[in-house]
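Dear colleague,

I am passing on a structure that is new to you, and below it you will find my notes on what was found in it. Please read them with the structure open beside you.

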Amino acid sequence: MYDKIYECCLNLKDEAQLDGIIPIGRAWQTLRNTQIGDKLTDDGIHANELGKFLSSCCFYKAITGKNTAENDFTLPGFDKRISDLIKLCADSAF
């Protein structure tokens with residue numbers, strides 16, 4: 001499923017002549033392959049705090065061009081190591 005969505009996004013990028021697409025899906029897939037696993041939603045569909053933070057890190061990198069790992073912000077209520085892992089997955093998606 002992920003591969004088909006990714007392929008569709010690439011086709012859309014070319015057809016619409018977009019500069020790029022923010023790779024949130026790729027970041028989610030990367031994070032799912034860590035100890036966090038599939039804990040990015042509460043109901044299997046809608047992003048929880050972890051999923052929202054990951055997505056926002058992707059937007060941060062896309063807008064600023066800076067690595068999120070260089071930003072000192074830590075997700076409130078979570079261990080700093082979790083925030084650092086999320087940032088790393090967001091940065092690696094680009």
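This is a predicted model: local features need pLDDT of at least 70, side-chain atom pairs count only at pLDDT 80 or more; totals for chains, interfaces and linings use all residues.

Residues are numbered from 1 along each chain as its sequence is written, and side-chain values use heavy atoms, with hydrogens and water left out.

The buried residues of H4 are Ser-83, Leu-85, Ile-86, Lys-87, Cys-89, Ala-90 and Asp-91, where buried means under 20% relative accessible area, exposed means over 50%, and partly exposed lies in between (1.4 Å probe, protein chains only). What covers these buried residues of H4 includes H2 and H3. Ser-83, which is found in helix H4 (residues 80–92), has a relative accessible area of 0% and is therefore buried. Leaving out residues up to four places away in sequence, Ser-83 touches Phe-53, Thr-74 and Leu-75, contact being taken as heavy atoms within 4.5 Å. Ser-92 also has its place in helix H4, but Ser-92 counts as partly exposed because its relative accessibility is 44%. Between Ser-92 and Ile-5 there are 19 Å in space, C-alpha to C-alpha, and the two are 87 residues apart in sequence.

H3, with 16 residues, reaches 22 Å from its first C-alpha to its last, which is close to the 22 Å expected at 1.5 Å a residue. Its buried residues are Leu-50, Gly-51, Phe-53, Leu-54, Ser-55, Cys-57, Cys-58 and Lys-61, and the buried residues of H3 pack against H2 and H4.

In soluble globular proteins, nonpolar side chains tend to be buried together. The largest nonpolar core in this model has 17 residues, of which Leu-31, Ile-36, Leu-40, Leu-50, Leu-54 and Ile-86 touch the most other members. The elements that give two or more residues to this core are helix H2 (24–32), helix H3 (49–64) and H4, and H3 gives the most, with 5 residues. By a nonpolar core I mean a set of buried Ala, Val, Leu, Ile, Met, Phe, Trp, Tyr and Cys residues joined through side-chain atoms within 4.5 Å. As for Leu-31, once its neighbours within four places in sequence are set aside, this residue is in contact with Ile-36, Gly-37, Leu-40, Leu-54, Leu-85, Ile-86 and Cys-89.

**Salt bridges**

Side chains of opposite charge can pair when their charged atoms come close. A salt bridge is a side-chain nitrogen of Lys or Arg within 4 Å of a carboxyl oxygen of Asp or Glu, and by this rule the count comes to 4 salt bridges. Among them, Asp-38 and Arg-32 meet through their side chains at 2.9 Å, N to O; Asp-38 is exposed, with a relative accessible area of 57%, whereas Arg-32 is partly exposed at 33%. Another joins Arg-81 to Asp-79, with the closest N and O atoms 3.0 Å apart; Arg-81 counts as exposed at 64% relative accessibility, and Asp-79 as partly exposed, with a relative accessible area of 37%. Lys-13 likewise forms a salt bridge with Asp-14, where the closest N and O atoms are 4.0 Å apart; Lys-13 counts as partly exposed at 25% relative accessibility, and Asp-14 as exposed at 55%.

Leu-12, Leu-18 and Ile-21 form a nonpolar patch on the surface, which together has about 240 Å² of accessible area. Patches are made of residues with over 30% relative accessible area and no salt bridge, with like charges joined within 9 Å and nonpolar side chains (Val, Leu, Ile, Met, Phe, Trp, Tyr) within 5 Å; accessible areas come from the Shrake-Rupley method with a 1.4 Å probe, and for residues only the protein chains shown count as cover. Leu-12 is found in helix H1 (residues 2–15) and counts as partly exposed, at 46% relative accessibility.

Gln-17 lies in the loop between H1 and H2, and its phi is near 55°, a positive value in a residue other than glycine. With a relative accessible area of 71%, Gln-17 is exposed.

With best regards

Methods: Helices (H or I, at least four residues) and strands (E, at least two) are DSSP runs, numbered from the N terminus. The expected span of a helix is 1.5 Å times one less than its number of residues.
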